[in-house]
Amino acid sequence: MACLLETPIRMSVLSEVTASSRHYVDRLFDPDPQKVLQGVIDMKNAVIGNNKQKANLIVLGAVPRLLYLLQQETSSTELKTECAVVLGSLAMGTENNVKSLLDCHIIPALLQGLLSPDLKFIEACLRCLRTIFTSPVTPEELLYTGPDHQTILFNHGAVQNIAHLLTSASYKVRMQALKCFSVLAFENPQVSMTLVNVLVDGELLPQIFVKMLQRDKPIEMQLTSAKCLTYMCRAGAIRTDDNCIVLKTLPCLVRMCSKERLLEERVEGAETLAYLIEPDVELQRIASITDHLIAMLADYFKYPSSVSAITDIKRLDHDLKHAHELRQAAFKLYASLGANDEDIRKKIIETENMMDRIVTGLSESSVKVRLAAVRCLHSLSRSVQQLRTSFQDHAVWKPLMKVLQNAPDEILVVASSMLCNLLLEFSPSKEPILESGAVELLCGLTQSENPALRVNGIWALMNMAFQAEQKIKADILRSLSTEQLFRLLSDSDLNVLMKTLGLLRNLLSTRPHIDKIMSTHGKQIMQAVTLILEGEHNIEVKEQTLCILANIADGTTAKELIMTNDDILQKIKYYMGHSHVKLQLAAMFCISNLIWNEEEGSQERQDKLRDMGIVDILHKLSQSPDSNLCDKAKMALQQYLA
């Protein structure tokens, strides 16, 4: 019998809960505003820590009514605040609760609430928004971090409405406003240019930000203010040599890198500083000599500390958690510091065990640390001296080739960029890299869907082919294939096209090499040259193509491929009379190589070109106001007179 009674009892309890929940919802519709307020307060107390009650209220339609009351102009500020608190509490329930709130368009209502002059209401709206945005079910596009979202906020008066909050008596409100400005200004010139001229109580925003990053202010405020000024500077709204950057923002960020700061602050400080100085060599130089920054950053690699030396388990957990972030931040900042200046690169490499640390970083478990280590190495690889010394001593090419075998695209892009430097003619690493199968790897990169990888693949091959032996050139052509070469020459990305032409130019250098390559690939190469010269391409592309023709014309047997191709000869003639001097000069090189009278068959070639009217054009060019073109034309005419 007891078993038979269990089900009715459960139904009775459920009915009571539902009835109780309905009572809360019904009170939201009471005509007496005071009773509505009390009803919302009672609802708030009922839902705290009670997910079942939250779910019931959502099912019974509480959310639309709460949002209506929150947005009504006739609602008291206290009622609006309590509604926002209840909605925030509902959002703290299950993921389904958050989905229901999003379906009711809660975000626009809460954002509108931020325009209120009442700080308690603003705080309640912000708390609710934070809860919703930290939920995994909230769609990413609702986060106002991209340029489009920044523009939406900007167009709806966010700057003007948030600016006055910077003078609020509440520290929390000031900080939220500051954080909002840092998000709005990030990589956004439109917002940043506006912020520079915003006045708050007679003071310009940058001046307020500078005051907020002074040493006597809380660290969180100093860091966020420095971010605002950094983002405005990078967006072009503040000059890099402005005192607020050189004397205030940069020193503040360097301070954040010191041992005295918490690990989180050191990470944020280093990453922001890296972003600030990345494009500006003068800021890099100033940062490198401020508070021994380069040596200071070496300390970032000393976490976690020795486990045996730590008795505090919490501290050990803290150190382990931040070890990756610290190394990543240090690598990023070293990469920015060494981007342009040879002396700074030397100082970085001479820092204790630095090359060993970077090489170790290439095989870290964390993708972010690996990426930052590769960026740091790429920055240092711009030094001819270091390529010949430190990079060779540490056989950097070995871990780099390992990274290139299997890595995400973002790492591959930087790693392949660095490989381009290691394959330069003067680099001692070039030969061992070639022997380790680099040709196949790079030819594979040229087939990537990522244009940056295609560029780097072909760029590295171009460097590899420069003054290379015939065997290496043959390997490149064989691995790349003529079909792939054609695809690259018709690539929609201009950089890919230019580097492919550069590769062809390097392959077709040294007479025996030119003749050998043209004897096997001549037909296809001449076809490609014709297509480019006939196509809609810019001056640089056509100049490179004419230079390739000039190289072909320098071959002993290869030049006949030009002389027997009337279409190509007409194109050379056309470009000799072009309005752009660069193209005229490139065409002149072709003609000079074809008519050089010390070579066999020069008389027949000269006669044919004379019949085409080339000599007449040379006479005209010998009167050119461009001295270089004039000299080249006179030199060519002498070949006819000799």
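Which residues are buried in helix 17 (residues 281-288)? Hi everyone, let's start there. The answer is Leu283, Gln284, Ala287 and Ser288, where buried means under 20% relative accessible area with a 1.4 Å probe, protein chains only. Because these four cover an arc of only 135° around the axis, they sit on the same side of helix 17; that arc is taken from the directions from the helix axis to the C-beta atoms. Helices here are DSSP runs of H or I, at least four residues, numbered from the N terminus.

Before going on: this is a predicted model, in which local features need pLDDT of at least 70 and side-chain atom pairs count only at pLDDT 80 or more, while totals for chains, interfaces and linings use all residues. Residues are numbered from 1 along each chain as its sequence is written, and side-chain values use heavy atoms, leaving out hydrogens and water.

Back to helix 17: Aspartate 280 caps its N-terminal end, with a side-chain oxygen 3.2 Å from the backbone nitrogen of glutamate 282.

Now, leucine 337. Setting aside neighbours within four places in sequence, leucine 337 is in contact (heavy atoms within 4.5 Å) with residues including Gln284, Ala287 and Ser288. Leu337 is also among the residues with the most contacts inside the largest nonpolar core, alongside Phe181 and Leu549. That core has 183 residues; a nonpolar core is a set of buried Ala, Val, Leu, Ile, Met, Phe, Trp, Tyr and Cys residues joined through side-chain atoms within 4.5 Å. A second, separate core of 38 residues includes Leu37 and Cys128.

Last stop: serine 379, in helix 22 (residues 367-380). Serine 379 counts as buried because its relative accessibility is 2%.

Notes. Helices (H or I, at least four residues) and strands (E, at least two) are DSSP runs, numbered from the N terminus. Buried means under 20% relative accessible area, exposed over 50%, partly exposed in between (1.4 Å probe, protein chains only). A polar contact is a pair of N or O atoms within 3.5 Å; within protein, one must be able to donate a hydrogen and the other to accept it, and residues adjacent in sequence count only if both atoms are side-chain atoms.
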